[in-house]
Each structure stands twice: as structure tokens, then as C-alpha cells.
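Take a look, and then let's go through it together.

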Amino acid sequence: MAEMTYYVALPFVFSDDGMAAGEATECFSANAAVMRAEALSRKPGHAGAIAFLRTGDPSSGDFNDAKLIRKFGDVPDDLSAL
């Protein structure tokens, strides 16, 4: 199967330990992911949000590292776990 690119908006919410990733939302384009991340960053209880993309082969599960498109608000500096 061919490689596919997934665009994602991911909020970060306040937690007892400081901050935690919320529920990711898949988007149809980079622009849509940016717009969704900005909206998520403004929701009550959210510290911030990011828009990122990942490219890979879903049939094999092999994906490249996530690439940050844009971040909003307060998000962790280390995003290597994406």
C-alpha cells in the first residue's frame, strides 16, 4: 500500500500532574488541522494544542516521526512521543 499522510489536531489539557494530551482529531488537510488546533486551544480546561502530520504506511504500521505544523498556547517542549 502507498504511504499516506495524516493531519492531526491534538489538545493538551490540565491534569493533576500538570498537563496531558487530550483526544486527537484527524483532519483532512494541514490547514484544517491548524484551524482545529487553534479552536481546541481556546476551550476551557485546555492548556493549548498542536497541529501535526505523520506520513507512513498504514498496512505495515511504519510511520515517520511526526512533524509539527503549528502550536497554540502552552504545550510541552518535548513532543517526541508523538
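Q: Is Glu38 buried, partly exposed or exposed?
A: This is a predicted model, in which local features need pLDDT of at least 70, side-chain atom pairs count only at pLDDT 80 or more, and totals for chains, interfaces and linings use all residues. Residues are numbered from 1 along each chain as its sequence is written, and side-chain values use heavy atoms, with hydrogens and water left out. Buried means under 20% relative accessible area, exposed over 50%, and partly exposed in between, with a 1.4 Å probe and protein chains only. Glu38 has a relative accessible area of 30%, so this residue is partly exposed.

Q: Which residue forms a salt bridge with Glu38?
A: Side chains of opposite charge can pair when their charged atoms come close. A salt bridge here is a side-chain nitrogen of Lys or Arg within 4 Å of a carboxyl oxygen of Asp or Glu, and the structure holds one. The closest N and O atoms are 2.9 Å apart, and the partner of Glu38 is Arg42.

Q: Is Arg42 buried or exposed?
A: The relative accessibility of Arg42 is 63%. That is why Arg42 counts as exposed.

Q: Against which strands do the buried residues of α1 pack?
A: Helices (H or I, at least four residues) and strands (E, at least two) are DSSP runs, numbered from the N terminus. Helix α1 covers residues 30–41, and its buried residues are Ala32, Ala33, Val34, Ala37, Leu40 and Ser41. They pack against β1 (4–15), β3 (25–27), β4 (46–57) and β6 (67–73).

Q: Which element has the highest mean pLDDT?
A: pLDDT is the predictor's confidence in each residue, from 0 to 100. The protein chain has a mean of 92, with 96% of its residues at 70 or more. Among its elements, strand β2 (residues 18–21) has the lowest mean, 88, while the highest, 98, belongs to α1.

Q: With which residues is Asp62 in contact, leaving aside its neighbours within four places in sequence?
A: Asp62 lies in strand β5 (residues 62–63) and is exposed, with a relative accessible area of 53%. Contact means heavy atoms within 4.5 Å. With those neighbours left aside, Asp62 touches Gly56 and Asp57.

Conventions: The expected span of a helix is 1.5 Å times one less than its number of residues.
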